[in-house]
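The tour below moves from stop to stop, with something to select at each one.

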Amino acid sequence: MSNWKPGDGVKSPVENFKEIPFSQMEPAERYRHLISTVIPRPVAFVSTVSKEGVGNLAPYSFFNALSSNPACVMISASPLGNGEPKHTLRNIKDTGEFVVNFSADWMIDVVAYCGAAFPDGVDEMEVVGLTGLPSLKVKPKRVKESPAHLECKLHSLIPIGDGGPGSTTLIIGEVLTAHIWSEAYTDGRIDPKKLSPLSRLGGAWYGTLGDVLFRQIPSV
Ligand SMILES: Cc1cc2nc3c(=O)[nH]c(=O)nc-3n(C[C@H](O)[C@H](O)[C@H](O)COP(=O)(O)O)c2cc1C
């Protein structure tokens, strides 16, 4: 238990700062700084199905939970270098459905591999050798090797920017139902260590959970 009390402040190694002038930088440089600073990011391994019925699986680390009534999550899909939408966005626009499969640390190789730009008609789940489980409420399959799945229907799309480099489409999904690995779920509680979340850092770096700390918010 910590002996910290209000007024104690905090002992920190931080001394000096360098300004990073975002407004004067190229989008690619801003991107590099942003993804190296906003860390760690959980990795949504998103499964979708095209209107032709082809499965798709791709990692998205601009990902978070937003609300619980309705329960919403968001991912952010930037366009490809040629300005075309990524398969995930195209499929979600066409079908209104997706599944967020959580990335555990044992999934790092398949997650990184599926970050490649596969051509149309390729199902990454098959390419990397993952097991598709049927979903209950939506068509895209769930990834059996992933410890938690959120079945989502499209809530809204929010375009940000002009469609050029650095712009994005925010995809907000409403969670219809979820599946948690039984071993990580006891008496209504989810064990963060069992979920072993993989996180994305800057560049090609990833993180794992490390120490798990406990502090309750006090009533003041
Ligand atoms: C760990 C990881 C996280 C990623 N996060 C994002 C992201 O948040 N947004 C994005 O547009 N692309 C992201 N990418 C890149 C996409 O995964 C990549 O462009 C992929 O080819 C898209 O596949 P799709 O066209 O099948 O959707 C990420 C890649 C990796 C490896």
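The model is a predicted one.

**Stop 1**

Select Asp 187, which sits in the loop between β11 (185-186) and β12 (189-190). Its phi is near 50°, a positive value in a residue other than glycine. Most residues other than glycine have a negative phi. Is Asp 187 buried or exposed? Asp 187 counts as exposed, because its relative accessibility is 77% and the cut-off for exposed is over 50%.

Now select Ser 196, in the loop between α5 (192-195) and β13 (199-200). Ser 196 also has a positive phi, near 45°. Ser 196 is buried, with a relative accessible area of 12%.

**Stop 2: a nonpolar patch**

Show the surface and select Trp 106, Ile 180, Trp 181, Tyr 185 and Ile 190. These residues make a nonpolar surface patch of about 480 Å². Ile 180 belongs to strand β10 and is partly exposed, at 30% relative accessible area.

**Stop 3: two cis peptide bonds**

Go to Ile 39 and Pro 40 and look at the bond between them. The peptide bond from Ile 39 to Pro 40 is cis, and omega is near -10°. Pro 40 is placed in the loop between α1 and β1 (41-42).

Next, select Asn 69 and Pro 70, which are joined by a cis peptide bond with omega about 5°. Pro 70 lies in the loop between β4 and β5. As background, most peptide bonds are trans.

**Stop 4: the largest pocket**

Select Tyr 31, Tyr 60, Ser 78, Pro 79 and Lys 86. Of the 44 residues that line the largest pocket, these lie nearest its centre. The elements giving two or more residues to this lining are α1 (27-37), β3 (55-60), β5 (71-77), α2 (87-95) and α3 (108-113). Which element gives the largest share of the lining of the largest pocket? That share comes from α1, with 5 residues.

The volume of the largest pocket is about 1200 Å³. Colour its lining by class to find 22 nonpolar, 15 polar and 7 charged residues.

**Stop 5: the second largest pocket**

The second largest pocket holds about 250 Å³ of space. To find it, select Phe 63, Ala 65, Val 73, Phe 102 and Leu 150, the closest to its centre among the 16 residues that line it. Two or more lining residues come from each of β4 (63-68), β5, β9 (148-160) and β10 (168-180). With 4 residues, β4 gives the most to this lining. By class, the lining of the second largest pocket has 14 nonpolar and 2 polar residues, and no charged ones.

**Stop 6: salt bridges**

Side chains of opposite charge can pair when their charged atoms come close. How many salt bridges does the count come to? The count is 5.

Start with Lys 5 and Asp 8, whose closest N and O atoms are 3.2 Å apart in a salt bridge. Asp 8 is partly exposed, at 41% relative accessibility.

Then select Lys 51 and Asp 94, a salt bridge with its closest N and O atoms 3.8 Å apart. Lys 51 lies in the loop between β2 (44-49) and β3, and Asp 94 in helix α2, so the pair ties together parts that are 43 residues apart in sequence. Lys 51 is exposed, with 61% relative accessible area, whereas Asp 94 is partly exposed, with 37%.

Asp 120 and Arg 90 form another salt bridge, at 3.4 Å from N to O. This pair links distant parts of the chain, 30 residues apart: Asp 120 is in the loop between α3 and α4, and Arg 90 is in helix α2. Asp 120 is exposed at 57%, and Arg 90 is partly exposed at 28%.

**Stop 7: a glycine in a loop**

Finish at Gly 129, found in the loop between α4 (124-128) and β7 (132-133). Gly 129 is exposed, with a relative accessible area of 53%. Draw a C-alpha to C-alpha distance from Gly 129 to Val 110: the two are 8.6 Å apart in space and 19 residues apart in sequence.

Note on methods:
Residues are numbered from 1 along each chain as its sequence is written. This is a predicted model: local features need pLDDT of at least 70, side-chain atom pairs count only at pLDDT 80 or more; totals for chains, interfaces and linings use all residues. Side-chain values use heavy atoms; hydrogens and water are left out. On a 1 Å grid over the protein atoms alone, a cavity is a set of points where a 1.4 Å probe fits but cannot get out, and a pocket is an open set with protein on both sides within 12 Å along at least five of seven lines; lining residues have an atom within 4 Å of a point. Grid points are joined across faces, edges and corners, and a volume is the space filled by probe spheres set on the points. Ala, Val, Leu, Ile, Met, Phe, Trp, Tyr, Cys and Pro count as nonpolar, Asp, Glu, Lys and Arg as charged, and the others, Gly among them, as polar. Patches are made of residues with over 30% relative accessible area and no salt bridge: like charges are joined within 9 Å, nonpolar side chains (Val, Leu, Ile, Met, Phe, Trp, Tyr) within 5 Å. Accessible areas come from the Shrake-Rupley method with a 1.4 Å probe; for residues, only the protein chains shown count as cover. A salt bridge is a side-chain nitrogen of Lys or Arg within 4 Å of a carboxyl oxygen of Asp or Glu. Buried means under 20% relative accessible area, exposed over 50%, partly exposed in between (1.4 Å probe, protein chains only).
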